[in-house]
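Please look over the sequence and the structure shown here before reading on.

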Amino acid sequence: MSKLLKKDKINIYYLWKNQHHSSKRIAQKCKINYSHVSYLIALIEEHGLSVLDHSYQFHSNDLKLEIMRKALNSNRSIQSISLEYVLPSNGLLYNWLRSFRENGYTIVTKKKGRNPNDRSGERTVRSEKSQAQKRKPDLTREEVGLLLELFLPLVLFFAFDSFVQ
């Protein structure tokens, strides 16, 4: 449902509520999964349109643990528990539960942002000279002047000779 804007979600709800379109028809029209449409409609029915005002929610580890314990220890469905805690989708709770089981029934919180030691986005500065620079000796001004004095007459001679012919 992250692809939908708030106005799209409201439009989906009004199509279902006022114009009596089926959830499957709305899902086909909006090109999204049927389960997302049915969850969105159930969420708005239970909590009202104000539930769409929260674009991002942070869930503490204690709250996640409470929600997952309720999902594991009760006979209620994942969708009903997700609706009770106003989760943006029931897929979020499925992901939490999968991660919880994979990590030995402990909650692992992912840190947001880039690792401070990660320098993959930075440009690297070359500290050593390249192969071409290693082969090429550095000339001083005096050496360049001496080379010009020696080779300039030869260059001019051959240039003039090819021009005359």
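## Basis and overall make-up

The model is predicted: local features need pLDDT of at least 70, side-chain atom pairs count only at pLDDT 80 or more, and totals for chains, interfaces and linings use all residues. Residues are numbered from 1 along each chain as its sequence is written, and side-chain values use heavy atoms, with hydrogens and water left out.

The chain holds eight helices and zero strands. Helices (H or I, at least four residues) and strands (E, at least two) are DSSP runs, numbered from the N terminus. In sequence order the pattern reads α-α-α-α-α-α-α-α.

Of the 165 residues in the chain, 21% are buried. Buried means under 20% relative accessible area, exposed means over 50%, and partly exposed lies in between (1.4 Å probe, protein chains only). Among the contacts in the chain with a separation of 6 or more, 55% join residues 24 or more positions apart. A contact means heavy atoms within 4.5 Å.

## Helix pairs

The angles and distances in the table refer to axes, which are lines fitted to C-alpha atoms, for helices over the stretch in contact; angles run from 0 to 180 degrees between N-to-C directions.

| Helix pair | Axis distance | Angle |
|---|---|---|
| Helix 1 and helix 2 | 10 Å apart | about 145° |
| Helix 2 and helix 3 | within 8 Å | roughly 120° |
| Helix 4 and helix 6 | within 10 Å | roughly 90° |

Helix 1 passes helix 2 in a right-handed crossing. A crossing is left-handed if the near helix is turned anticlockwise from the far one by less than a right angle, and right-handed if clockwise. On the side of helix 1, the contact involves Ile12, Leu15 and Trp16, which meet Ser23, Ile26, Lys29 and Cys30 in helix 2. By class, this contact of helix 1 with helix 2 has five nonpolar, one polar and one charged residues. In this classification Ala, Val, Leu, Ile, Met, Phe, Trp, Tyr, Cys and Pro count as nonpolar, Asp, Glu, Lys and Arg as charged, and the others, Gly among them, as polar.

Helix 2 spans residues 23–30 and helix 3 spans residues 34–47. These two helices, helix 2 and helix 3, are oblique to each other. Angles under 35 degrees count as roughly parallel, over 145 as roughly antiparallel, 65 to 115 as roughly perpendicular and the rest as oblique. The crossing of helix 2 and helix 3 is right-handed. Here Ser23, Lys24, Ile26 and Ala27 of helix 2 meet Tyr34, Val37 and Ile41 of helix 3. The residues in the contact of helix 2 with helix 3 comprise five nonpolar, one polar and one charged.

Helix 4, residues 61–73, is paired with helix 6. Helix 4 and helix 6 are roughly perpendicular to each other. Helix 4 contributes Lys64, Leu65, Ile67, Met68, Ala71 and Leu72 to the contact, and helix 6 contributes Leu93, Trp96, Leu97, Phe100 and Arg101. The contact of helix 4 with helix 6 divides into nine nonpolar, no polar and two charged residues.

Rings of Phe, Tyr and Trp (its six-membered ring) pair if their centres lie within 6.5 Å; planes under 30 degrees apart count as stacked, over 60 as edge-to-face and the rest as tilted. By this rule there are two aromatic pairs. The ring centres of Tyr13 and Trp16 lie 6.1 Å apart with planes at 35°, so this pair is tilted. Both residues, Tyr13 and Trp16, belong to helix 1 (residues 6–17), three residues apart, about one turn of the helix. Tyr13 is buried, at 10% relative accessible area, whereas Trp16 is partly exposed, at 28%. Ring pairs link Tyr13, Tyr14 and Trp16 into a cluster.

## Individual residues

His20 occupies the loop between helix 1 and helix 2. Its phi is near 55°, a positive value in a residue other than glycine, and His20 is exposed at 67% relative accessibility. Val86, in the loop between helix 5 (78–84) and helix 6 (90–102), also has a positive phi of about 55° although it is not a glycine.

Lys29 of helix 2 is exposed, with a relative accessible area of 58%. The C-alpha atoms of Lys29 and Ile12 are separated by 9.8 Å, the two residues being 17 residues apart along the chain. Ser80, in helix 5, is partly exposed at 24% relative accessibility. Ser80 and Leu43 are 37 residues apart in sequence and 9.6 Å apart in space, C-alpha to C-alpha.
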